Amino acid sequence: GYLFPSNCPLKTLLANIIRFFSSYSRNHTYNTYVGIGQVIAGMEEGLLDVCIGEWRTIIIPPHLGYGEEGVIGSIPGSAVLVFHIHLIDAHNPSDKVEIQTNHKPSNCTARSKKGDYIKYHFNATLMDGTQLDST
């Protein structure tokens, strides 16, 4: 059947919807930097302020996608693009180490410094809580 509102000037059949790209079918994530022009303008906007683990639908109008020309053989001209994304991870080369002090003895007189040989216990996890290692 047809899927369009009665006042829609552009009508299409459901069968005409084209799946032109999926990272799932390639069995790996799509990796890129955001904000430096490596993806189309609409995706640049849509990928800002996403939380790790967030699922988001990004609907991109033609002028922020592939324009009136489209991409020959895969994306028709004036196409509105719909991306369903799941942010797996994010990092920035300018990220700094975050330190949260959970306990410090009140009588702390000696602090570690560069070159010290230290002994410590640890539990390591990913940001989602997945256990990595422990002493």
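A nonpolar core is a set of buried Ala, Val, Leu, Ile, Met, Phe, Trp, Tyr and Cys residues joined through side-chain atoms within 4.5 Å, where buried means under 20% relative accessible area, exposed over 50% and partly exposed in between (1.4 Å probe, protein chains only). The model examined here is predicted, so local features need pLDDT of at least 70 and side-chain atom pairs count only at pLDDT 80 or more, while totals for chains, interfaces and linings use all residues. Residues are numbered from 1 along each chain as its sequence is written, and side-chain values use heavy atoms, leaving out hydrogens and water.

The largest nonpolar core comprises twelve residues: Val-39, Ile-40, Met-43, Val-50, Ile-58, Ile-60, Ile-75, Ala-79, Leu-81, Phe-83, Ile-85 and Leu-87. Strands S1 and S2 each supply at least two residues of this core, and S2 gives the most, with three. Strands here are DSSP runs (E, at least two residues), numbered from the N terminus. Val-50, a member of the core, is in contact (heavy atoms within 4.5 Å) with Arg-56, Ile-85 and Leu-87, leaving aside residues up to four places away in sequence.

Turning to the surface, Ile-59, Val-80 and Val-82 form a nonpolar patch with about 280 Å² of accessible area together. Areas come from the Shrake-Rupley method with a 1.4 Å probe. Val-80 lies in the loop between strand S1 (55-60) and strand S2 (81-86) and is exposed, at 51% relative accessible area.

Conventions: Patches are made of residues with over 30% relative accessible area and no salt bridge: like charges are joined within 9 Å, nonpolar side chains (Val, Leu, Ile, Met, Phe, Trp, Tyr) within 5 Å. A salt bridge is a side-chain nitrogen of Lys or Arg within 4 Å of a carboxyl oxygen of Asp or Glu. Helices (H or I, at least four residues) and strands (E, at least two) are DSSP runs, numbered from the N terminus.
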